Amino acid sequence: KVYTDYFYDEPAFNTHDGGYVPLERMDVPEQPLSIPPLLEPDKSTDTDTYYTLIAQAGETQILPGAKTKTWGYNTTLLGKTIVFEKGKHIHVTLKNELPELTTFHWHGLNVSGPIVDGGCHAPVYPGETKQIDFTLDQPAATTWLHAHPCPSTAEQVWHGLAGITIIKDKEEAKLPLPRNYGVDDIPLVLQDRRFHENNQWDYHADYDPDGVQGPTALINGTVNPYFDVKTQKVRLRILDGANRREWRLHFSDDLVFTQVGSDGGILPAPVKFTKLMLTCAERAEIVVDFGQYHKGDVVTLYSDDVPIVNFRIGNFAPDDSVIPEHLAAIPNPEPTPDLPVKKVVMSGMDEEVMIDGKKFNMQRIDARQNVGDVAIWEITNTNNMDGGMVHPFHMHGCQFLVLSRNGHEPYPNEHGFKDTVGVNPGEIVRIKVWFTLPGVYMYHCHIIEHEDGGMMAQIEAVDPKHPQTYELMDMDTL
Ligand code: C2O
Ligand code: CU
Ligand code: CU
């Protein structure tokens, strides 16, 4: 079966927003798609791996002419790609070489909050160096690293603080999937920007409380990228790394592609699509089979009707590998008996956005759940269809399972682990949530301006046998 629609409610697409900025192809030459280099560990042993991460400012040649002032992790824009191996104990030195405080948030990693997780309670001040460590204990997945200081997450991500992290494990290694990084396994970080005078970005000039957008697609930091295809099958690890934009992806010739992974790992079974919509912070791993094309052909990836990546077909050896019908076993624990359903209401637009009728307060813990308990959460988006929007609901510190949308089956690619789920206007999405580590974790809308605007709350995952107290930062004393 091949699915041929985006599933999401069309009237809620960001195209219906008064502030929508349609993508436009910029009139500059095509350039090779930038592939972020891998971050080399400082040291590694059988059990431990050590890295140094530097948040830095720099300049990047994105367009012909003046370089653009950008921020990045160990590079001038975005970040070097980090590859984690499941089971390893990871040590990271965090260095801030920026002129303002930042945090290093591991979006999608089950690490303890609020410090290691790197949300707003874990500032690293300019010139400061901090150490964190954690055990990587979750399945192979594509996750990411981004800045998360309150309330300037959106602006820092806009400057470029977003990097890809890849988790590898033994189960994924056995699957017949492309995994030669940069050759047939490539990240695609989808973002959009507006270039102002001298090729500079100007976050404040473009500010919109419903999310900042720009007309130019920036893919791994490249405008008008092409990628030279050297293998019949290519795996794309796609991240919606935009502050606000939804990407409605499809290829030329309505080429069918196979989704094999979602936010938190490999799907239980592959799903074939001709169209895929991603909301902010969601990831999809897809395998594209170029077997029907020949040297010299060009296959284009579009968002709506705007070309965003050209795949230039070269010579490749035939590949008749078949993606198996069963890919990964996803644990599906029974809900803990007698737990009430945890209700979360996302409401408003613009400056009015709230969770449960409240704005985020860094010192207020909004909910508690015991570590190990399996709870049903019910996320409601009270926007309505005439003038509402999709709010991507994200949780730190866990990977959840999507149970239903308005009482119906979730979308066909929502049967694996997720940490972000797009909730349509008027929709109630049920998810199953459990935490493995005690801590304080944020949950919020991942339209980043909504998050900064207060559409965020926090939960304490409690280990009843070892109660802890947390020192929560205060926005005014940061
Ligand atoms: Cu992608 Cu609170 O984060
Ligand atoms: Cu996160
Ligand atoms: Cu929102």
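Good morning. Pro 151 sits in the loop between β11 (141–146) and α1 (153–159). Helices (H or I, at least four residues) and strands (E, at least two) are DSSP runs, numbered from the N terminus. The peptide bond that leads from Cys 150 into Pro 151 is cis, with omega near -5 degrees.

Before I continue, a word on the source. This is a predicted model, in which local features need pLDDT of at least 70 and side-chain atom pairs count only at pLDDT 80 or more, while totals for chains, interfaces and linings use all residues. Residues are numbered from 1 along each chain as its sequence is written, and chains are lettered from A and ligands numbered from 1 in the order in which they are written.

A cis peptide bond also joins Gly 113 and Pro 114, with omega about 5 degrees. Pro 114 belongs to the loop between β9 (105–107) and β10 (129–135).

Let me turn to the protein as a whole. It has 3 helices and 33 strands. Its C-alpha atoms fill a box of roughly 60 × 55 × 50 Å along the principal axes. The radius of gyration, taken over C-alpha atoms, is compared with a globule rule of 2.2 Å times the number of residues to the power 0.38. For 478 residues a compact globule would have a value near 23 Å, and the protein, at 21 Å, agrees with this.

Of the 478 residues, 50% count as buried. A residue is buried if 20 or more other C-beta atoms, placed from the backbone, lie within 10 Å of its own, exposed if 12 or fewer do, and partly exposed in between.

Two residues show how these classes apply. Leu 78, in strand β6 (residues 78–79), has a positive phi near 60 degrees, although it is not a glycine. Leu 78 is buried, because 29 other C-beta atoms lie within 10 Å. Asp 304, in the loop between β22 (298–303) and β23 (306–313), has a positive phi of about 50 degrees and is not a glycine either.

Finally, which strands form the open sheet of 7 strands? The order is β1-β19-β18-β21-β16-β13-β14, with mixed pairing. The edge strands, β1 (2–3) and β14 (216–219), each pair on one side only. Two strands pair if DSSP finds at least two bridges between them. Strands β16 (residues 233–240) and β21 (residues 283–289) pair in the antiparallel sense over 7 bridges, and Leu 236 stands opposite Ile 286 in β21. Thank you.
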